[in-house]
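User: Hi! I've just opened this one and I'm new to it. Could you walk me through it?

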Amino acid sequence: MFLHHLVAILLITFSYVNNMARVGTLILCLHDSADALLEAAKMANYAKFQKICDLLFVMFAMVFITTRLGVFPL
């Protein structure tokens, strides 16, 4: 996980240094759009709200697949 974060920081820095901040920001927002749903599903799981947890996880999966496989390649 440390290596993942290190590479992410290097890529963000690289996009800024090469005057590609718009592209870097767009990719960052695209990849982070599903994270809020995943964190909400985790909190629902910790609170023992299983139906809400399942619903949030399905929503997370749909957003994740759509953004990573549908929007990102464009």
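User: Let's start with Ala 34. Where does Ala 34 sit?
Analyst: Ala 34 is in the loop between H2 and H3. Keep in mind as we go that this is a predicted model.

User: Is Ala 34 buried or exposed?
Analyst: Ala 34 counts as buried, because its relative accessibility is 1% and the cut-off for buried is under 20%.

User: And how far is Ala 34 from Thr 67?
Analyst: Their C-alpha atoms are separated by 8.2 Å, although Ala 34 and Thr 67 are 33 residues apart along the chain.

User: What about Ser 33, where is that?
Analyst: Ser 33 is also placed in the loop between H2 and H3.

User: How accessible is Ser 33?
Analyst: Ser 33 has a relative accessible area of 34%, so it counts as partly exposed.

User: Let me zoom out. How many helices and strands are there?
Analyst: The protein has four helices and zero strands. Read from the N terminus, the order is α-α-α-α. Helix H1 covers 2-17 and helix H2 covers 21-32, helix H3 takes residues 35-46, and helix H4 runs over 50-71.

User: What overall dimensions does it have?
Analyst: Along the principal axes, the C-alpha atoms fill a box of roughly 45 × 30 × 15 Å. The radius of gyration is 15 Å, while a compact globule of 74 residues would have one near 11 Å.

User: How much of it is buried?
Analyst: Of the 74 residues, 14% count as buried. Ala 34, which we began with, counts as buried too.

User: How confident is the prediction?
Analyst: The average pLDDT is 92, and 100% of the residues score at least 70.

User: Where is the confidence lowest, and where is it highest?
Analyst: Confidence is lowest in H2, with a mean of 88, and highest in H3, at 96.

User: Switching topic: what does UniProt say about it?
Analyst: An unreviewed UniProt entry carries the annotation "domain: TLC" over residues 1-74. In the model, that range is 84% helix and 0% strand, and its end C-alpha atoms are 27 Å apart.

User: Which residues does UniProt give as "transmembrane region"?
Analyst: The unreviewed entry places that feature at residues 6-31 and 52-71.

User: What do those two ranges look like in the model?
Analyst: Residues 6-31 are 88% helix and 0% strand, with end C-alpha atoms 16 Å apart. Residues 52-71 are 100% helix and 0% strand, and there the end C-alpha atoms are 27 Å apart.

User: Which elements give two or more residues to the lining?
Analyst: Those are helix H1 and helix H2. H1 provides the largest share of the lining, nine residues.

User: How many of the lining residues are nonpolar, polar or charged?
Analyst: The lining of the largest pocket divides into 11 nonpolar residues, five polar and one charged.

User: I noticed Asn 19. What is its phi?
Analyst: Phi of Asn 19 is near 55°, which is a positive value in a residue other than glycine. Asn 19 lies in the loop between H1 and H2. Its relative accessibility is 72%, so Asn 19 counts as exposed.

User: And Lys 48, what is phi there?
Analyst: Phi of Lys 48 is near 65°, again a positive value in a residue other than glycine. You'll find Lys 48 in the loop between H3 and helix H4. Lys 48 counts as exposed because its relative accessibility is 70%, and the cut-off for exposed is over 50%.

User: Last one: where is Leu 38, and how far is it from Cys 53?
Analyst: Leu 38 is in helix H3. The C-alpha atoms of Leu 38 and Cys 53 are separated by 9.2 Å, and the two are 15 residues apart along the chain. At 25% relative accessibility, Leu 38 counts as partly exposed.

How values were computed: Residues are numbered from 1 along each chain as its sequence is written. This is a predicted model: local features need pLDDT of at least 70, side-chain atom pairs count only at pLDDT 80 or more; totals for chains, interfaces and linings use all residues. Side-chain values use heavy atoms; hydrogens and water are left out. UniProt positions are given in the numbering used here, feature names are shortened, and annotations may be inferred rather than shown by experiment. Ala, Val, Leu, Ile, Met, Phe, Trp, Tyr, Cys and Pro count as nonpolar, Asp, Glu, Lys and Arg as charged, and the others, Gly among them, as polar. pLDDT is the predictor's confidence in each residue, from 0 to 100. The radius of gyration is taken over C-alpha atoms; the globule rule is 2.2 Å times the number of residues to the power 0.38. Buried means under 20% relative accessible area, exposed over 50%, partly exposed in between (1.4 Å probe, protein chains only).
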